[in-house]
Amino acid sequence: MITADQNTVLAALADPRRGAILRQLARGPCSVAGLARELPISRPAVSQHLRVLRLAGLVSFRRTGRAHYYHLDMRGLAALRTFLDSLWQAGLDDFKAATERTAPGPQRRKGK
């Protein structure tokens with residue numbers, strides 16, 4: 001079952017521009033202006049996308065003067081990883097159960 005928090009994270013990841021922002025931030029902290037220079041969207045659009053990512057717990061920022069330097073929030077990414085791992089594990093468990101149901105039983109040897 002997907003919780004409200006997980007749904008927020010998945011919705012935040014649904015936009016390819018937010019994925020591009022996350023990939024940029026994976027290289028290291030960056031200001032809104034720095035991100036806007038690297039992406040084909042305006043500074044206000046970058047700020048809006050960062051807000052969505054921040055509310056989803058995937059990025060955070062520190063303020064230096066008037067600039068906000070964003071970075072990946074490893075706690076949020078760890079929670080996302082745990083959720084995705086649980087989906088993977090559930091799929092593996094289902095696969096194992098299905099193969100065990102359909103696997104032939106041990107064969108008897110015919111006596112001479």
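**Exercise 1. Which residue in the turn of the S2-S3 hairpin has a positive phi, and how do the two strands pair?**

Step 1. S2 and S3 form a hairpin with two residues between them. Strands here are DSSP E runs of at least two residues, and helices are H or I runs of at least four, both numbered from the N terminus.

Step 2. In the turn, Gly65 has a positive phi of about 65 degrees.

Step 3. Six bridges join S2 and strand S3 (residues 67-72) in the antiparallel sense; two strands count as paired if DSSP finds at least two bridges between them. Thr64 has Ala67 as its bridge partner in S3, and Ser60 stands opposite His71.

The model is predicted: local features need pLDDT of at least 70 and side-chain atom pairs pLDDT 80 or more, while totals for chains, interfaces and linings use all residues. Residues are numbered from 1 along each chain as its sequence is written, and side-chain values use heavy atoms, with hydrogens and water left out.

**Exercise 2. In what order do the three strands form the open sheet, and which strands stand at the edges?**

Step 1. The order is S1-S3-S2, with antiparallel pairing.

Step 2. Strand S1 (30-31) and strand S2 (59-64) each have a single partner strand, so one side of each lacks a neighbour in the sheet and both are edge strands.

**Exercise 3. Why is the aromatic pair of Phe61 and Tyr70 classed as tilted?**

Step 1. The structure holds one aromatic pair. Its ring centres, in Phe61 and Tyr70, are 5.3 Å apart and the planes stand at 40 degrees, so the pair is tilted.

Step 2. The criteria are ring centres (Phe, Tyr, or the six-membered ring of Trp) within 6.5 Å, with planes under 30 degrees apart stacked, over 60 edge-to-face and the rest tilted.

Step 3. Phe61 is partly exposed at 34% relative accessible area, whereas Tyr70 is buried at 9%.

**Exercise 4. Where do the buried residues of helix H4 lie around its axis?**

Step 1. The buried residues of H4 are Val46, His49, Leu50 and Leu53. Seen down the axis, they fall within an arc of 105 degrees, so they line one face of the helix; the arc is taken from the directions from the helix axis to the C-beta atoms.

Step 2. Pro44, Gln48 and Leu55 are exposed on the face turned away from the buried side.

Step 3. H4 (residues 43-55) has 13 residues and should span 18 Å at 1.5 Å a residue, which agrees with its end C-alpha atoms being 18 Å apart. The expected span is 1.5 Å times one less than the number of residues.

How values were computed: Buried < 20%, exposed > 50% of the residue type's maximum accessible area, 1.4 Å probe, protein only.
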